[in-house]
Amino acid sequence: MSGLGWKDADKERQYYRTMESGSNKVVIPEQLVDRIVDYARANSALFGKIPVVSMPNNNLTIAVQTKDGEAKFVKEGDLIPSTDIAFKSVTLEGKTLALFVPISEQLLESASNLTNQLTTSCARAISLALDKALIYGKGTSEDETPEIKGISNYEGVNKVEHSTADYDLIIKGAKAIKKANLIPTDVCLNSDLASDLEMLKTTDGQYVTPPKAIEGYEITQSNNIKDNESVIFDRNS
């Protein structure tokens with residue numbers, strides 16, 4: 001696979017061929033695919049919570065609504081005025097996320113639990129890298145390694161600043177979403193920030209109860225979000 005030939009590697013060649021597709025590409029075993037999805041859903045800030053779209057080819061074009069329609073009252077018998085609901089097309093382009101782990105022949109021979117350890121570690125590494133890219137990825141450019149363009153690097157994404165670690169940061173973030181005629185469903189906090197909120201106390205030493213305004217949100221935490229940051233979003237949008 002690395003260009004060194006198959007001399008004295010009959011077992012490796014046989015295993016490689018069982019995973020090879022008709023176009024001479026290696027297929028990820030189903031067991032590993034399931035592990036990747038499981039780890040991503042359990043440990044991610046975004047991937048486990050948003051709808052996933054199947055891409056049978058290397059790119060996919062979808063329609064994104066950019067302007068809401070407007071309904072108006074009319075007199076009986078009058079013409080109903082038309083309204084514009086504007087859309088634009090967005091092309092989703094596939095990116096390759098890869099992991100290569102050299103293993104010595106001695107370790108292959110001696111470690112009985114190696115298969116499970118490798119599957120678990122590789123799945124975790126891929127899911128963590130994917131989650132970070134979904135938020136902070138720089139996208140594709142000529143000078144950099146191609147990667148997903150994260151939501152924080154798109155123009156028009158609301159970025160709200162709040163100076164103190166209290167529940168107002170969630171309410172302020174949700175306010176910007178509601179102003180766009182959407183209803184926030186999820187809040188994902190940086191793990192340290194989540195702990196700071198959990199330790200908030202009143203002047204008499206009692207823990208602060210979260211306000212009712214955020215009771216309907218699913219609040220989770222992730223180390224993939226940068227310090228003192230949170231992601232507040234409508235999972236269906």
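Reply: Start with exposure. Buried means under 20% relative accessible area, exposed means over 50%, and partly exposed is in between. This model is predicted. Take arginine 235: its relative accessible area is 26%, so arginine 235 is partly exposed.

Me: What is the relative accessibility of glutamate 218, and how does it count?

Reply: The value for glutamate 218 is 39%, so this residue counts as partly exposed.

Me: Which side chains meet in a salt bridge at 3.0 Å, N to O?

Reply: First the idea. A salt bridge needs a side-chain nitrogen of Lys or Arg within 4 Å of a carboxyl oxygen of Asp or Glu. Here arginine 235 and glutamate 218 meet that way, at 3.0 Å from N to O. Glutamate 218 lies in strand S4 (residues 218–222) and arginine 235 in the segment after strand S5 (230–233), so the pair ties together parts 17 residues apart in sequence. Salt bridges with shared partners also join Asp186, Glu218 and Arg235 into one network.

Me: How many salt bridges does the count come to?

Reply: Four salt bridges, by this rule. One of them joins lysine 212 and glutamate 215, at 3.9 Å from N to O. Lysine 212 is exposed, with a relative accessible area of 68%. Glutamate 215 is exposed too, at 55%.

Me: Which residue forms a salt bridge with lysine 95?

Reply: Glutamate 93 does, and the closest N and O atoms are 4.0 Å apart. Glutamate 93 has a relative accessible area of 54%, so glutamate 93 is exposed. Lysine 95 has 31% relative accessibility and counts as partly exposed.

Note on methods:
Residues are numbered from 1 along each chain as its sequence is written. This is a predicted model: local features need pLDDT of at least 70, side-chain atom pairs count only at pLDDT 80 or more; totals for chains, interfaces and linings use all residues. Side-chain values use heavy atoms; hydrogens and water are left out. Buried means under 20% relative accessible area, exposed over 50%, partly exposed in between (1.4 Å probe, protein chains only). Helices (H or I, at least four residues) and strands (E, at least two) are DSSP runs, numbered from the N terminus.
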